[in-house]
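Have the viewer open while you read.

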Amino acid sequence: MPTPVTSSSTPLRIGKVTLTVNDLAGVSAFYQSVLGLALVDQTDGVARLGVGDSVFLELVGDPSAPRSSARDAGLFHTAFLLPTRADLGSWIDYLARNRFSIQGASDHAVSEALYLADPEGNGIEVYADRPSSEWPYASGKLGMTTERLDIENLRAAAAGLEWQAAPAGSIIGHVHLQVGATPEADAFYADALGLDITARYPGASFYSSGGYHHHLAGNIWNSRNAAKRVPGSTGLREVELLAADAETYDKTAARLEEAGIALHQQTSGIRVEDPWGTSLSLSQKEI
């Protein structure tokens, strides 16, 4: 049987997402209470959240940061991947008991997902993947759909599992971005960064490493013709990409350089910006 494909089994995967927020205490409390993330540490106006000792969401507090618009390039949503359907069903029960509101819910054939936003409007997806052996393909492209989510079936899958907090094994499975134009996004994320385009929707492309349904996506649904982001504004500050090994890191960095993308050196690797000023870092840290 083919080896199962998961978000974290690929040459590149999402590591940490960093957001700039005006109200650090309020936004941090939201991710802890609603998503069940743990506050791993907080120093100098930065809160680091995750599961156990694993940090995958960093909040940088800046009360004076200009508030970004829903039409700006940047974040569409950060997608938190739970290990199982039972975990997702348990979380839905927890939302219902505590009367937390959501903005939407969809069955994407490859995954089941719910959508909401944090207090400053940063989009959030919480989802569970179907086994990769069940993902539908047509003409070499993934047949991702947007259908009604069977919430009661998911709740039944929890089988009495009570939500306590985000379970071990939870990660950021993908990040969906707002971009100004699809062709320019494809040129950066597919041609320069080297990700595969697994699917297209009208006004959106989905980008993957190693056969996952997508690690990044870019759409123009709210942000068509968006200009560069205002430096220091609220919202997405950086997406970290983790390379599984030194060879993957070196090949990705070389490809970006050959494409004429400016590489900014950092302690753990390099940082680049997409055409709209959205920052991505590439780390050599082993998975």
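## Overall build

The protein has five helices and 19 strands. Its radius of gyration is 18 Å, close to the 19 Å that the globule rule gives for 287 residues, so the protein is as compact as a globular protein of that length. Keep in mind that this is a predicted model. The C-alpha trace spans about 55 × 50 × 35 Å along its principal axes.

Of the 287 residues in the protein, 52% are buried. Take the contacts between residues at least 6 apart in sequence: 69% of them join residues at least 24 apart.

## Surface and charge

The accessible surface comes to about 12700 Å², and carbon and sulfur atoms account for 50% of that. As for charge, there are 21 positive and 34 negative side chains. The centres of those two sets lie 4 Å apart.

## Aromatic pairs

How many aromatic pairs does the count come to? It comes to 10. Take Phe56 and Phe80: their ring centres are 6.3 Å apart and their planes sit at 55°, so this pair counts as tilted. Phe56 belongs to strand β4 (residues 54-61) and Phe80 to strand β5 (residues 74-81), so the pair ties together parts that are 24 residues apart in sequence. Phe56 and Phe80 are both buried.

Phe76 and Trp221 make an edge-to-face pair, 5.6 Å centre to centre with 75° between the planes. Phe76 lies in strand β5, while Trp221 lies in the loop between β15 (216-219) and β16 (235-243), so here the pair ties together parts that are 145 residues apart in sequence. Phe76 is partly exposed, with a relative accessible area of 24%. Trp221 is also partly exposed, and its relative accessible area is 41%. There's a cluster to look at too: ring pairs link Phe30, Tyr31, Phe56 and Phe80.

## Helix α4 and what follows

Which residues of helix α4 (residues 182-192) are buried? They are Thr182, Ala185, Asp186, Phe188, Tyr189, Ala190 and Ala192. An α-helix has 3.6 residues a turn, so residues three or four places apart point the same way. Just after α4 comes Gly194, which takes a positive phi of about 90°.

## A buried proline

Pro167 is in the loop between α3 (151-157) and β12 (171-178). Is Pro167 buried or exposed? Its relative accessible area is 18%, so Pro167 falls under the 20% cut-off and counts as buried.

Leaving out residues up to four places away in sequence, Pro167 touches Val51, Leu82, Pro83 and Asp87. Gly36 is another residue to check against Pro167: the two are 131 residues apart in sequence, yet 8.4 Å apart in space, C-alpha to C-alpha.

## Positive phi without glycine

Ala109 isn't a glycine, but it has a positive phi of about 70°. You'll find Ala109 in the loop between β6 (104-107) and β7 (111-117). Ala109 is buried, with a relative accessible area of 17%.

Asn225 is another residue other than glycine with a positive phi, near 65°. Asn225 is found in the loop between β15 and β16. With a relative accessible area of 65%, Asn225 is exposed.

Notes
Residues numbered from 1 in each chain as written. Predicted model: local features only at pLDDT ≥ 70, side-chain atom pairs only at ≥ 80, totals over all residues. Heavy atoms only, no water. Helix = DSSP H or I, 4+ residues; strand = E, 2+ residues; numbered from the N terminus. Rg over C-alpha atoms; globule rule 2.2 N^0.38 Å. Buried < 20%, exposed > 50% of the residue type's maximum accessible area, 1.4 Å probe, protein only. Contact = heavy atoms within 4.5 Å. Areas by Shrake-Rupley, 256 points an atom, 1.4 Å probe, with all protein chains shown as cover. Lys, Arg positive; Asp, Glu negative; His and termini not counted. Charge placed at Lys NZ, Arg CZ, Asp CG, Glu CD. Phe/Tyr/Trp six-rings, centres within 6.5 Å; stacked < 30°, edge-to-face > 60°.
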